[in-house]
Amino acid sequence: MALLEVEDLTVNFYTQDGTVNAVDNLTYSIERGEKFGVVGESGAGKSVTALSLMRLIDSPGHIESGEIRFKGQDILSMSEDEVRSIRGNEIAMIFQDAQTALNPVYSVGEQIAEAMRHHLDYSKSEAKEETIDLLAKVGIPEARKRYSDYPHEFSGGMQQRAIIAMALSCDPDLLICDEPTTALDVTIEAKILEEIESLAEEFDTAIQLITHDLGVIAEICDRVMVMYGGKPVEKAPVEELFYDPKHPYTVGLMSSIPRIGDSTDRLQTIPGKMPDLVELPPGCSFHPRCPYAEEACTLSEPELLDTKTGKPASEVGTNHSAACLAYSGDLTGELDYSVTVNEDSKSNAPASQITGDNQ
Amino acid sequence: MSEPILEARGLKKYYDTASGFMDSMLGRSNKVKAVDDIDLELHEGETLGVVGESGCGKTTLGRTMLRLIEPTEGSVYYKGQDLTELSSSELRDVRTDIQYIFQDPFSSLNPRMTVGDIIGEPLDIHGIAEGQERDERIYELLETVGLNPSHSHRYPHEFSGGQRQRIGIARALAVDPEVIICDEPVSALDVSVQAQILNLLEDLQEDFGLSYIFIAHDLSVVEHISDRIAVMYLGKIAETGTTDEVFEPPYHPYAEALLSAIPEPDPLWDGEQIYLSGSVPSPIDPPTGCRFHTRCPRVIQPEEYNMPQKEWRQLMDFKQRLLTSDSLKSIAQVTDETVDLDSITRDTLDELIRREFDLPMQLSDMQAEQVISQAVDRLTEENFEDARALVADGFKSPCEQVDPELQSTGTTHRIACHLYDDDPKQPGATNTSDAVADD
Ligand code: SF4
Ligand code: SF4
């Protein structure tokens, strides 16, 4: 049994403009200690998945159907009390905006210590000592002195570290990080990612990392799910995703990021814009932007298929899956792109480059 | 090379944060040195990337160059004409030649204006076109930036982020400028849309012979679009050169750290990341000498010392901490409550301090070891003043004393760092690969 199993999750938001199908029939699982990435652009439904796990979807949002099993227990059918005891304790979350996660009127140390006492039954002084230890561990200098500082006395990077400390304080089994470093400068980002990674390793914590940044995914994750228009379009181990992407959207995304050392003048682009979730295009939602779209793509909606066998993807047996008609044999043409992996002289690592008729 | 089309000379922008009567009476001038003595040249048809992290002054620089913000000192020349000397009506005329694109093009605009009016406004202000001609120009501009002319009656909120940025670009193009200063034009956009806008900017540059100053925090974007790059740190330029020069050694240590920190979109990439000490200091009271010395992994050792570079960096961190603290709590790592700092023995304190700063119990350099051990003696007596004096005097880097000037390391490449001083006494001046190996 995987640590987390999400099955057929569907979340809608009821707005004035109509029903927004934020997440549609989403299935994935995360193993203990695994680092699972969720990548996509705005409106892909990434953050909604995170909020659903914590059962934090508020009106006008509604979890329509599906199951979210954590250690085998369905979070969606738990009582509010049961959910609360899991939240922050067994599942912790790091948001992009550290400021909103810290209470401005309590000192940073107190907040963390309080969370620990609440969840772990520590005495006051135990909790304080543990907190100082943890603050030092996440790289906050002068931890003992800074214990009693208020959030506003911390810089952005320090606040984010404090949030990490808070998230780890109860030794969670699953850490959900939603764009944890997006608001930070790149030198600070590098440090924080490194800390999240090594702490997760140390505590054997599984991570669900949600981001728009493929660089961050490449650095941290073992396995990745790419989302588009509320649906997963590809799931693969990280190396396969980068060096052998199977879905045209993933291919487009990979080739539109500027890469250092690549001297081509023009970037490849994905034409058009993200679809409107109120009115998703029929068939494959990517078809208006897909260079390989055919008539069939406007008619039938592709399901996630094992890219090797063409059979429906299963959480257990499937390694690499993609939701594209090319894998069910319903496409007459071929996905005509190629990935060349070059040996990068500077880093000795392969750097992939994708070419195709994406233009 | 030809005369630059736009040029900054000794440009400064200081903000006064003195918060009132008491401050000014006591002569406390809290000047934020957002842009501090910058020289910059933009040549015709090129893209100059200006990159740096938040608070480095890049946006202030961009705005000062167009006098959207008045510079404190210095000059900005456009085709030889000093913009800082112009009257406001003369300046208005020049603004048809130099335009500015913001990260969010509509933050300052009336949401009730149609797209046509947004693009038409500069035409009206500068009396460029009216009536039928004005409409046609608007349609043409919309088409130029890849939008449907029939959209000119719509309102900004009806457009996606990428389309809005296209409208912002059309508005800038309306007056047929020569130079556009682009301030983080793609940082709020999704990756796939970002690529579209970057391509559009490149196409327009070619079609209309534009010159760009491209301000951004994202190094991969800057690398992609720029011919030349200036890397800023705390109000100053740390390194400047062609894109290739900046992305290859020799590096300014800050630029090097910045490059190493970019998360590469390749899972097997295993380049070494350089981590910096501490955080960016306040621009109100920037560090003396080289502003990067408080964090620089390569900060230079005094001639009399010889120790691994990492150890020296840690000693500098220790010094900085000690100079600003007056309690043992903030310099010794105490995670165990049984340790009482008020009655601590010398040896325990010694150990705790070295643990906090990751220093060996015996420094590799005997002379430096003497300094730190005497400082610990003083600290055991809680004599902070003498301890501070000891380390201030004993651990003094040349980097703290003299502000490094930008100096040429190639015809177009310039770096502001003492490692590249000609003075052969400085370590690293002749052999920079040594310094690399130390990290
Ligand atoms: S199903 Fe058709 S439109 Fe969708 S990704 Fe595959 S080829 Fe493109
Ligand atoms: S001058 Fe010294 S502190 Fe500044 S960048 Fe160079 S080595 Fe580092």
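Me: How many residue pairs are in polar contact between domain 1 and domain 2 of chain A?

Reply: A polar contact is a pair of N or O atoms within 3.5 Å; within protein, one must be able to donate a hydrogen and the other to accept it, and sequence neighbours count only if both atoms are side-chain atoms. Between domain 1 and domain 2 of chain A there are six such residue pairs, both at pLDDT 80 or more. The elements giving two or more residues to the domain 1 side are strand E2 (18-30), strand E3 (35-39), helix H1 (46-53) and helix H9 (214-220) of chain A. E2(A) gives the most, with eleven residues. Helices (H or I, at least four residues) and strands (E, at least two) are DSSP runs, numbered from the N terminus.

This is a predicted model: local features need pLDDT of at least 70, side-chain atom pairs count only at pLDDT 80 or more, and totals for chains, interfaces and linings use all residues. Side-chain values use heavy atoms, without hydrogens and water; residues are numbered from 1 along each chain as its sequence is written, while chains are lettered from A and ligands numbered from 1 in the order in which they are written.

Me: Where do the domains of chain A lie?

Reply: Bounds come from an automatic or database domain assignment. Domain 1 is 4-221 and domain 2 is 226-354 of chain A. Their C-alpha centres lie 28 Å apart.

Me: What area is buried between domain 1 and domain 2 of chain A?

Reply: Buried area is the accessible area (1.4 Å probe) that two parts lose on being put together, summed over both. Here the two domains bury about 1,800 Å², 66% of it from carbon and sulfur atoms. A:Val39, A:Glu41 and A:Leu214 lose the most on the domain 1 side, together 29% of what that side buries.

Me: How many salt bridges are found across the interface of chain B and chain A?

Reply: A salt bridge puts a side-chain nitrogen of Lys or Arg within 4 Å of a carboxyl oxygen of Asp or Glu. The interface of chain B and chain A has two. One residue pair is B:Asp203 with A:Arg266, closest N and O atoms 2.6 Å apart. Between domain 1 and domain 2 of chain A the count is zero.

Me: Which helix gives the largest share of the side of chain B that touches chain A?

Reply: The interface of chain B and chain A has 16 residue pairs in polar contact, both at pLDDT 80 or more. Helices H7 (191-208), H8 (219-225) and H10 (253-261) of chain B each give two or more residues to the chain B side. H7(B) gives the largest share, ten residues.
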